Amino acid sequence: MVQKRILLGVTGGIAAYKSAELVRLLKKSGHAVRVVMTRGAEAFVTPLTFQALSGEPVRTSLLDPEAEAGMGHIELAKWADTVLVAPASADFLARLAQGMADDLLTTLCCATEAPIVVAPAMNQAMWRNRRTQRNVALLAEDPQVTLWGPDQGEQACGDTGPGRMLEPQELADRLNACAEGPLSGVRLVITAGPTREPIDPVRYISNHSSGKMGYALAAAARAAGAEVTLVSGPVNLEAPAAVRRVSVVTAEDMLAAAGLAVDQGCDIFIATAAVADYRPTTCADQKIKKTAGELSLALVRNPDTLATIAGRANAPFTVGFAAETTDVARYANDKMQRKHLNMIVANDVSRPGLGFNSDDNAVTVFWPGGQQAFAPQSKTLLAEQLVALIADHYQTVRSNTTQQ
Ligand code: PMT
């Protein structure tokens, strides 16, 4: 399941007490929750209740210099990937329908580009009221807004009819269903970055890989719902949020760490790392001193992590990368066959500004019987499209296997 950033708006109504349970359920599902309360909501529940349950400060006022100095209302609107207003009072529905921005919650709703879900809660007569229904009809036409509920039944005031807020469990289940991504429940192991092969205590053989491509793929796979382990050579990048990183130095370390991560459970293995093909036969104990003549270095082949994992009896779905400067398609297809891969992503690294250590890349992906080219673009955007393509092919292969 994709972990979401949910901004929960609580408006004035007796159902506000149920929203405390809603926060607990959303947090239990792993979502980040920030709460914004209207003045009316504060009459029913204290901000402290939501602060304790969400673990985040609760915002109540638009013009609060202290809060704006931290996460300002525009930042908060951008932070959210879903706005859920529960309970949504008749007054709030009216103000939202008119596009008003006269308190923090309505201002956030105007400023955010995230989907807005509203869970109405009010007395049955207020819900049936012609003017409320006119506002509801306006909101139903708004592509950014979705209405969940209300439910029918006995109400706090003693009336019976439509207007009850959906139960917190129902709201949490619906949000969790929306948080399903194409890779929900799928375990990925991704290698990234260069390896360093030591010559002596101060020198090593390496290459120009920055890790950007692999890290972008790890972030995109996580956003698509996957559980991701990133086996990374030495790079200057932060691990993407909610991704497990295992740091390695040499090609031999990478093989060991990737092998262990695959043993622990792996459905898709993606090798973006630029692994050194050779390492010095021995690493000198002391710094090698300069002499007048030439220095010869004996090199030995490194183990191939990708080929080793793809060659396993129960190999995961494997995707390799190939950085080439000539005959890109031929070499890439050859690598795919030789290493028994499901797919290969070919980089033409002879093109300036693309590939190694740049922010952009352009690739052609090959698989048995097909190919797709991706134009030059940021590695972040490219990674999202590659993850979607890989997820598609993985699901096809998986459903073919289960049908056999
Ligand atoms: O890190 P960046 O700066 O963002 O750059 C990204 C990249 C250019 C490094 C990346 O997109 C890329 O193309 N990686 C593959 C680099 C390469 O040259 O691979 P290769 O042709 O040597 O190897 C083919 C495949 O086998 C690769 O998936 C590689 O990870 C894997 N391999 C290779 C050798 C080895 N000993 N072990 C391996 O797992």
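**Salt bridges and surroundings**

In this predicted model, I first looked up Arg174 and Glu170, whose side chains meet in a salt bridge at 2.9 Å, N to O. The two are four residues apart in helix H10 (residues 168–178), so about one helical turn separates them. I noted Arg174 as partly exposed, with a relative accessible area of 30%, and Glu170 as partly exposed at 35%.

Next I checked Asp359, which forms a salt bridge with Lys212, the closest N and O atoms being 2.8 Å apart. This pair links distant parts of the chain, 147 residues apart, with Asp359 in the loop between strand E17 (343–348) and strand E18 (360–367) and Lys212 in helix H11. Asp359 counts as exposed because its relative accessibility of 52% is over 50%, whereas Lys212 is partly exposed at 26%.

I then turned to Asp304 and Lys339, whose side chains meet in a salt bridge at 2.5 Å, N to O. Asp304 lies in the loop between E15 and helix H13 (305–310) and Lys339 in the loop between helix H14 (328–338) and E17, so the pair ties together parts that are 35 residues apart in sequence. Lys339 is buried, with a relative accessible area of 17%.

Finally I looked at Ser209, in the loop between strand E10 (203–205) and helix H11 (212–223). Ser209 is buried at 15% relative accessible area, and its side chain reaches the backbone nitrogen of Gly211 at 3.5 Å. Leaving aside neighbours within four places in sequence, I found Ser209 in contact with Gly193, Pro194, Ala274 and Phe356.

How values were computed
Residues numbered from 1 in each chain as written. Predicted model: local features only at pLDDT ≥ 70, side-chain atom pairs only at ≥ 80, totals over all residues. Heavy atoms only, no water. Buried < 20%, exposed > 50% of the residue type's maximum accessible area, 1.4 Å probe, protein only. Polar contact = N/O pair within 3.5 Å; in protein donor to acceptor, adjacent residues only side chain to side chain. Contact = heavy atoms within 4.5 Å. Salt bridge = Lys/Arg side-chain N within 4 Å of Asp/Glu carboxyl O.
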